[in-house]
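Here are my notes for someone opening this structure for the first time. Keep the 3D view beside you and go through the points in order.

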Amino acid sequence: MKQGVQGSSGVGAVRVPSQARAADVDRERGAAAGAARGEHTHSEQPIPCPGDERARPAVQRSSVRGQIVDALRTALVTGELRPGEVYSAPALGDRFGVSATPVREAMQRLALEGAVEVVPNRGFRVVERGARELAELAEVRALIEVPVMLRLAGTVPAERWAELRPLAEVTVRAASSGCRATYAESDRAFHRALLALAGNEQLVQIAEDLHRRAQWPLVGGPPGARGRAELLADAAEHMALLDALIARDVDVVRELVGEHFAGAS
């Protein structure tokens, strides 16, 4: 088994079984374009910070690309992939212990999401974004999510809201860990569950994309810009929002969601 190592790019390694490595090499050498692609699934429970080597499970052959996408997303959130920096697929592949092919495919996925941009003959540059873009994302998220939450506040039974309390509690535990990547995942899971009650899958997907983009670090900002105290305050708003939704107090819901998105900018 080849084990990736931490390199100058700052991106943490992911372990890949030797069989997966061989499969990647065969694919690079001309395997059929229709080779099966594994689908990635993940738990919404809080996990140890991805930067901890002990928390990093072995990548399974059926989901190499999906797990590398997740690993790269984590590196974006934590600031390991730095805005403005160019990273090559072969170099990242060496650090992940896989060939360049799944890394390149993962980076192309991130390019579609707007996280990176292709630099011909060099690799992929992490997109630089400033405070204005973050504020614009918060505004768009508020325009989409606030009306939905206010509508649901008057129609969804209290017991349905109560079923979401475990997810809100997960965000509190994730915030307590101080790990931005762990919190980011639990934060998206909570908002996704709230919006899912509207029964509109397109809404959920669009909101999820905006939310993910809002979690990328700003250019020039320190990797740990959102500290533990700020994460805890954000998570506490989740708990307060659920309490207001259960009580069907629309005025409090309106106030809380307004503050929540204002804080996101």
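1. **Ground rules.** This is a predicted model, in which local features need pLDDT of at least 70 and side-chain atom pairs count only at pLDDT 80 or more, while totals for chains, interfaces and linings use all residues. Residues are numbered from 1 along each chain as its sequence is written, and side-chain values use heavy atoms, with hydrogens and water left out.

2. **The overall fold.** The protein chain has eleven helices and three strands; helices are DSSP runs of H or I with at least four residues, strands are runs of E with at least two, and both are numbered from the N terminus. Along the sequence the order is α-α-β-α-α-β-β-α-α-α-α-α-α-α. The chain has 265 residues, and 43% of them count as buried (buried is under 20% relative accessible area, exposed is over 50% and partly exposed is in between, with a 1.4 Å probe and protein chains only). Of the contacts with a separation of 6 or more, 76% are between residues 24 or more positions apart; a contact means heavy atoms within 4.5 Å.

3. **The largest core.** Which residues have the most contacts inside the largest nonpolar core? They are Trp161, Leu194, Leu241, Leu242, Leu245 and Val253, in a core of 25 residues. (A nonpolar core is a set of buried Ala, Val, Leu, Ile, Met, Phe, Trp, Tyr and Cys residues joined through side-chain atoms within 4.5 Å.) Two or more residues each come from helix 5 (131-153), helix 8 (180-196), helix 9 (201-214), helix 10 (228-247) and helix 11 (250-264). Helix 5 gives the largest share, six residues. As background, nonpolar side chains in soluble globular proteins tend to be buried together.

4. Leaving out residues up to four places away in sequence, Leu241 touches Met149, Leu194, Val253, Leu256 and Val257.

5. **Helix 7 against helix 8.** The axes of helix 7 (residues 165-177) and helix 8 come within 8 Å and cross at roughly 165°. That makes the two helices roughly antiparallel. Axes here are lines fitted to C-alpha atoms, for helices over the stretch in contact, and angles run from 0 to 180 degrees between N-to-C directions. Angles under 35 degrees count as roughly parallel, over 145 as roughly antiparallel, 65 to 115 as roughly perpendicular, and the rest as oblique. Among the residues that meet are Leu167, Val170 and Ala174 in helix 7, and Tyr183, Phe190 and Ala193 in helix 8. By class, the contact has nine nonpolar, four polar and one charged residues (Ala, Val, Leu, Ile, Met, Phe, Trp, Tyr, Cys and Pro count as nonpolar, Asp, Glu, Lys and Arg as charged, and the others, Gly among them, as polar).

6. **Helix 5 against helix 8.** This pair packs at about 55°, with the axes 10 Å apart, so helix 5 and helix 8 are oblique to each other. Helix 5 brings Arg141, Glu145, Val148, Met149 and Leu152 to the contact, and helix 8 brings His191, Leu194 and Leu195. Sorted by class, that is five nonpolar, one polar and two charged residues.

7. **Helix 3 against helix 4.** How do these two cross? At roughly 115°, with the axes of helix 3 and helix 4 (residues 100-113) coming within 8 Å; they are therefore roughly perpendicular. Ala89, Pro90, Leu92, Gly93 and Phe96 of helix 3 make the contact with Ala100, Val103, Arg104 and Met107 of helix 4.

8. **Ala91.** Also in helix 3 (residues 89-96) is Ala91, which is partly exposed at 28% relative accessible area. Ala91 and Gly123 are 32 residues apart in sequence and 9.5 Å apart in space, C-alpha to C-alpha.

9. **Two positive phi values.** Most residues other than glycine have a negative phi. Asn121, which is not a glycine, has a positive phi of about 65°. Asn121 lies in the loop between strand 2 (116-119) and strand 3 (123-126) and counts as exposed, at 84% relative accessibility. For Arg248, phi is positive too, near 55°. Arg248 lies in the loop between helix 10 and helix 11 and is partly exposed, with a relative accessible area of 42%.
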